[in-house]
Amino acid sequence: MKAAELFVKSLEASNVKYVFGLPGEENLALVEAIRKSSIKMITTRDEQTAVFMAATVGRLTGHVGVALSTLGPGATNLVTGVAYAQLGAMPLLVITGQKPIKRSKQGKFQIIDVVGMMRPITKFSDTIVSAERIPSSVYHAIRVAEKERPGAAHLEVPEDIAEEETGAKPIIWQKTRRPAPDEKAINALVEAVESAKSPILLLGSGANRRLIRKQLNNFINKTDIPFVTTQLGKGVIDESDSRFIGTAAVSEKDYVHAALSRADLILMVGHDIIEKPPVLEIRDDQKLVHIDFSPADIDDIYVPDLEVVGDISYAFWALTERVETRDWDFSIFYKAKEKLQESINDNADSDDFPIKPQRLIGTLRKVLPRDAMLSLDNGMYKLWIARNYPAYEQNTVLLDNALATMGAGLGAAMSSKIIFPERKAVVVAGDGGFLMNLADLETAKRLGLDMTIVIVRDNGYGMIKWKQDAMKLADFGLNFSNPDFVKLAESFGASGYSPKSADDFEKILDKCVNAKGIHIIDLPIDYSENEKYFGRDLASQVKD
């Protein structure tokens, strides 16, 4: 068979179901091979959206998502999405085309060093130089992308290599088992928990990558130890649980940090230092335990006293079996939770319009089912939602607290709807980020996806405007105008809405979420309380 066919068969042998991308002439042989395969090719209007979608497939399934582009500008357009997957620990394989490497008649036209460009932002990047190398190259790239800590891998396929004839066979995917943590580490963990006075759990992004909920729940139910999440840890445990204290959003001065600062033992489950904020300023009398699939990434802000490395589920099964409950003191944690909940409830029923963030979030949680997929772009609303919106199921709040790029929300929602077609899908995006990947509204329409997009409009880059104001700087360089979003929606074959009140928004959202098609809601928002909740020292209000 042709090398291009072998490449696609190697993807099939590794259980790849989708390829997202925007092809070029250099990879038409690959595209033709995909056409004849079981893999579904989803053509996007921009390579950036393709790689956001592929990364989200990796995030939601734990198995690599695949994106395809041509050489030159197609490959450079992938870069933001590749960095998004790499920092966010999402298993991703990107495939780029290239001119013939044996003999090319086009000189240096469109030629850049794509492999060299990708190496700093991937776990692995290489050029396939012969058809015989394809099975092992594809298998290795996917394996590297998926193993802890997951991330991005890249393969370049030159045009002439894709046309080679080969008798090589694909390598069939083999599932691997993760090793259990060292017994001495487990024993030390048991001792640390039993000797603590006020222990707490902090659940990070690594806890969301695998199905650890059962064993973690068993541990919490036995010990009643409360838990906090990072932004990327939202939903690991049902946040309607009475032992949920809150989410670390952005400010180390928020109420949830008062709880963390009073704990004498913090069990860091799947914590990743890519997340903002660092959340911890450990005192000498506090003990920090790192529990993850891989060793801690030691940094100025993160130096654990104990590391329990290996399968997290096994670690908590063993801990639950052996730990003896104690008369721990959690009172200060629940005082912090009470203050946090008061602030979340503040203005949650406000009739003010433009809408308050608290009312926006209260409406979202009221209208959306427990398992609805809420996909966030990046802006001030992301911080509000991370803090105020409880997640009930794993990976139902798709936000980016690693690269934190604008423009990712639409692609992430599209993939969530492809993976979970029976669930409701809602995007919340700012008027800045939404327009960055606007073209792929056509992709969503072409795919027949049902989703609702809420554009929170403040006619500027709201988060940076807040920072600018907090620094006592002049209001400069961050304002813009917007199109008529209702007419824009209609031009794409979507339905557009412009609420006139907070109550009107709730009615429109409920209608849209339960209807077919794509719905866009143009919602003006009032960010005047950003400083009150994200800039002031709230933690000091929590008294012992």
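Which residue lies over the face of F293, and at what distance from the ring centre? R178 does, at 5.3 Å from the ring centre of F293, where a charge counts as sitting over a ring if NZ of Lys or CZ of Arg is within 6 Å of the ring centre and within 35 degrees of the ring normal. R387 lies likewise over the face of F534, at 5.9 Å from the ring centre.

The structure is a predicted model, in which local features need pLDDT of at least 70 and side-chain atom pairs count only at pLDDT 80 or more, while totals for chains, interfaces and linings use all residues. Residues are numbered from 1 along each chain as its sequence is written, and side-chain values use heavy atoms, with hydrogens and water left out.

**Helices α1 and α7**

Two packed helices are described by the angle between their axes and the distance between the axes. The axes of helix α1 (residues 3-13) and helix α7 (residues 134-146) come within 9 Å and cross at roughly 35°; helices are DSSP runs of H or I with at least four residues, strands are runs of E with at least two, and both are numbered from the N terminus. The axes are lines fitted to C-alpha atoms over the stretch in contact, with angles running from 0 to 180 degrees between N-to-C directions. The crossing of α1 and α7 is right-handed, that is, the near helix is turned clockwise from the far one by less than a right angle. On the α1 side the residues are A3, L6, F7, S10 and L11, and they meet I134, P135, V138 and I142 of α7, contact meaning heavy atoms within 4.5 Å. By class, this contact has eight nonpolar, one polar and no charged residues, where Ala, Val, Leu, Ile, Met, Phe, Trp, Tyr, Cys and Pro count as nonpolar, Asp, Glu, Lys and Arg as charged, and the others, Gly among them, as polar.

P170, in the loop between α8 and α9, is in contact with L6, K9, S10, A13 and P135 when its neighbours within four places in sequence are left aside. P170 and K9 are 161 residues apart in sequence, yet their C-alpha atoms are 6.4 Å apart in space.

**Aromatic pairs**

The count comes to 13 aromatic pairs, rings of Phe, Tyr and Trp (its six-membered ring) being paired if their centres lie within 6.5 Å, with planes under 30 degrees apart counted as stacked, over 60 as edge-to-face and the rest as tilted. The rings of Y139 and W173 have centres 5.0 Å apart and planes at 50°, so this pair is tilted. The pair links distant parts of the chain, with Y139 in helix α7 and W173, 34 residues apart from it, in the loop between α8 (159-162) and α9 (183-195). Ring pairs also link W384, W466, Y533 and F534 into a cluster.

**Accessibility**

Buried means under 20% relative accessible area, exposed over 50%, and partly exposed in between (1.4 Å probe, protein chains only).

| Residue | Relative accessible area | Class |
|---|---|---|
| Y139 | 12% | buried |
| W173 | 17% | buried |
| P170 | 24% | partly exposed |
| D224 | 37% | partly exposed |
| A404 | 36% | partly exposed |

**Backbone geometry**

D224, in the loop between α10 (213-223) and β8 (227-229), has a positive phi of about 65° although it is not a glycine. A404, in the loop between β14 (397-398) and α16 (409-419), has a positive phi of about 55° and is not a glycine either. The peptide bond from E148 to R149 is cis, with omega near -15°, and the peptide bond from F353 to P354 is cis, with omega near 5°.
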